[in-house]
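Hello,

Please find the structure below. My notes on charge and strands follow.

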There are 2 protein chains.
Amino acid sequence: MATTAENRVASDAKVLQSYLGGKWQAGTGEGTSLINPTTGDIVASASSKGLDLSTALSYSRNVGGRELRKLTYAQRAELLGKIADTLAARRDEWFEIARKNSGNTKADAAIDVDGSIGTLKYFAKIGAKLGDTRMLRDGSPSRLARDPNFQGLHLGVPLDGVAVHINAFNFPAWGLWEKAAVSLLAGVPVFSKPATSTAWLAQEMVSAVLEADILPPGALSVLCGSPNDLLDHLQLGDVVAFTGSADTGEGIRRHPRIRKQNIRVNIEADSLNAALLGPDVQPDSMDFGLFAREVVREMTSKTGQKCTAIRRVLVPDYHEQAAIDALSAQLKMTVVGDPANALVTMGPVVNMAQRKSIGEGIAQLNTRADVAYEPDNFAPLDADTEHGAFVAPTLLRAREKGNDDVIHEVEVFGPVATVVSYRDKHDAFALARRGGGSLAASVFSGDTNFLTEAGAALGTSHGRVLLVDPSIRESHTGHGIVLPSCMHGGPGRAGGGEELGGLHGLWFYHQRVAMQGAGPTLTALNERAADPHE
Amino acid sequence: MATTAENRVASDAKVLQSYLGGKWQAGTGEGTSLINPTTGDIVASASSKGLDLSTALSYSRNVGGRELRKLTYAQRAELLGKIADTLAARRDEWFEIARKNSGNTKADAAIDVDGSIGTLKYFAKIGAKLGDTRMLRDGSPSRLARDPNFQGLHLGVPLDGVAVHINAFNFPAWGLWEKAAVSLLAGVPVFSKPATSTAWLAQEMVSAVLEADILPPGALSVLCGSPNDLLDHLQLGDVVAFTGSADTGEGIRRHPRIRKQNIRVNIEADSLNAALLGPDVQPDSMDFGLFAREVVREMTSKTGQKCTAIRRVLVPDYHEQAAIDALSAQLKMTVVGDPANALVTMGPVVNMAQRKSIGEGIAQLNTRADVAYEPDNFAPLDADTEHGAFVAPTLLRAREKGNDDVIHEVEVFGPVATVVSYRDKHDAFALARRGGGSLAASVFSGDTNFLTEAGAALGTSHGRVLLVDPSIRESHTGHGIVLPSCMHGGPGRAGGGEELGGLHGLWFYHQRVAMQGAGPTLTALNERAADPHE
């Protein structure tokens, strides 16, 4: 196991294995160390060196795919429910791993762990509605020519390849299961590649589900460690769903095999999401305070390591100082430290490399923005900044309009946001769009007309828009929370992908086909299919 | 105008211009020559050298997009109807250009010209149903949390960029209008780049529509000549829809700007489409003959230059010779020559370069397949092979199973197909799939169960499957015909795209957004939107 001078190896450190071709396998060599970001201790290691990924993918396709496609949607939905139950039974264990390997507070781990269980349960429920069918339909048979017997019907046929899921470090549980839920429901076997730095939780969860013997053989594989030549073996019928940085996403698009075989790819990349305070919200109002609370929750939840987190805070120029004051007051209440201490509201970032990257990002932002808030004396509770990857929550304020691309382009993946003031609503919408395409925007206003206009205006450059008025001030689910019933993804910078969104998400794992034929043939096909819109 | 020793310049040769930024512009230099493939005469030239494409794209976005989006779907649909009428009024002119620049027979030109008018009329009709709205909806507002007032709704918001349409040489009319119809209906301005070799017809049609003053300024632009740096200027909100070779399509995916900005791309590439004769069809039956007729029609229609054309003919091994006999008998009736002669059923291919490429492709196929049919004495009617790009219709027969990748991978874009025999239905389905993803497959059988099974089996690797039984033997629209109501596109080799398919095609030009908000806000948004499924 690779160690450095600074990293102690925990006494119970694990060697992660990969589950490929129906068996657990370890790579050779020392592998990559997984760190407890609070202490710097090595908690596990993972190596995929020497593993035969081509054979593993074939097994997924040929055994897993075949077995899964024998089942109906309803039967596969039932399996998702069992997976959820199995994971729910060991919830405390997952929280413990999330704390040790991700520096998660209980609230952070809940988003990841409970989010994954909830997503599985959701798809178990809505998948059951598809009944004893194995194809999707869009519409019903309709006449194509003068002869009413010559008809057309659009069907979705499950892909006969393997779904390669490449996940980000920040959601080792949710990233695994939100993708797997849809893929398994579709009948496409899962080949999951968690980010190595936090793969421990993903590996343990997969192990728990395999032990419970819920899924057919080959339906679920996990690769811990480097992906090596994984993408080189993809072929017609395979898909790649990736979540992570825009750079890595672009690398996947550039991969020769992906390009030349037109492998279907979904990319969900970090983006510079904006929160927009409406022109009408008064500084002394409850909603002004709730806006500040929501922004700070997004900045500090999972220590700002959410791809949907608010990076840019758009406020009317006449309320800029009031907004900064309200945000600073909320930020002041953040308690940074060891997540084992119940008083702590924000843990470390995932590792020292991320902390370094955050520091560099802040320095870039500083060329166009001033620090508006940072703690006076930054000292993590029950921890130290020498061993732990702690970062102070930091609010910036954009200095001037115009030459400020950096504020709209440089994403700092940590507890950092920049306040940008706007002149009028058109300026506000244009600023939101300057992120180049984002996963989510939220708008706070008491004016339904303004919210409606904002929804339509922001819609061209966002995958999700949350429109908060006082009637849902306490009941909305938050800017950064991805609901399984709502599409997740965004254009441009955000990767151009579409995940989840209820049964709509199934289409990524199906080939859409125009079937043309005689009435009785199309009726027979139609009867084998279910309409995901119903 | 560039000429070679062999090419005479026609006395009425045109210099094509581009319509960019609201005015006709000619590039500098001699440009590229457009040839009459029957005679080798130069009929036109096109240059885009020196044209400012960045400014032209901005004009499309800022003027065309803004103006188009002021209109509702129903208003834009009405414009499509007017375009169709304008084009229909000058149908004879288009046929004449198609003959002179594409070597089209009347039947060939009808597919292209009438196909484009029909597609415009179809979208005029179904677009009207969307009424006075400017957004699409998928489903209706539904509860997202315990509070029934916090709701979600998926909307489609028209993209605020420009649609770059890059078309293939084989359908200068249909390629232009099938893309433009959907794009304009969506409210996204069209920036069309026809293949230079046959751009004459596209340019004249655009000119006719501009003269009729139907569209708002900036809604329709055309670039004749090389695309130069066109892709370098794309940005968030722009899309590229490409039809052409798999190689060029891959080049578009590889383009740094496309990749880095996650520009949305639809690729519709040539593929090795298969026709499958069912195990039950007897050689002495009417349906055996109709199968042969359909295959030969696909081989010879537009001289085999259709991306949906049948390249592989899958027949039961026990009927292989009978199939070859029937196909040869049909092929023997093909009259190749000058399309000006009404007796001619097959014109030349588009130019000498294509003819050369077809010869090379046949040589590649010959390594694994024997010639089963070619004309005894190949001599085009009213033309010669010295000046005209004529190719003999050629049927091949695969020699052996196993090492025959070339038959499933090398597409000969001309009047050429290969007969491949199969052992049983599973073998037949596997052979069809070896094309690596195709636009269309057709299956001919009297057995509805077999057709249903074939539809589901071929569905994973095809975008369209035509299932022909005797009840539709005369009324089906054919293997290669793309109907506007049916999706056009296919996985893998075929590019992975989705075009047309009725109003479903509009989604490519819309950003899908999950809107979250209070009941009244979502009701207001919902009322502004139309459901394309209804």
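A:Lys125, A:Lys129, B:Arg143 and B:Arg146 gather in a patch of positive charge on the surface. A patch takes residues with over 30% relative accessible area and no salt bridge, with like charges joined within 9 Å. A salt bridge is a Lys or Arg side-chain nitrogen within 4 Å of an Asp or Glu carboxyl oxygen. Areas are Shrake-Rupley, 1.4 Å probe. A:Lys125 sits in helix H4 (residues 106-128) of chain A. A:Lys125 is exposed at 62% relative accessible area (exposed is over 50%, buried under 20%).

The model is predicted: local features need pLDDT of at least 70, side-chain atom pairs 80 or more, while totals for chains, interfaces and linings use all residues. Residues are numbered from 1 along each chain, chains are lettered from A, and side-chain values use heavy atoms, without hydrogens and water.

Now the sheet. An open, mixed sheet of 11 strands runs S15(A)-S16(A)-S17(A)-S14(A)-S13(A)-S18(A)-S19(A)-S22(B)-S7(B)-S6(B)-S23(B). Strands S15 (369-373) of chain A and S23 (529-530) of chain B are its edges; each has a single partner strand, so one side of each lacks a neighbour in the sheet. Strands are DSSP E runs of at least two residues, helices H or I runs of at least four. Pairing needs at least two bridges.

S7 (residues 150-158) and S22 (residues 510-518) of chain B pair antiparallel over 9 bridges. There, B:Val157 stands opposite B:Gln511.

Next, S19 (residues 462-468) of chain B. 7 of its 7 residues are buried, so S19(B) is largely enclosed by the rest of the structure. S22 of chain A pairs with S19(B) in parallel over 4 bridges. A:Ala514 has B:Arg464 as bridge partner.

Best wishes

Note on methods. Patch = residues over 30% accessible without salt bridge, like charges linked within 9 Å, V, L, I, M, F, W, Y side chains within 5 Å. Lys, Arg positive; Asp, Glu negative; His and termini not counted. Charge placed at Lys NZ, Arg CZ, Asp CG, Glu CD. Buried < 20%, exposed > 50% of the residue type's maximum accessible area, 1.4 Å probe, protein only.
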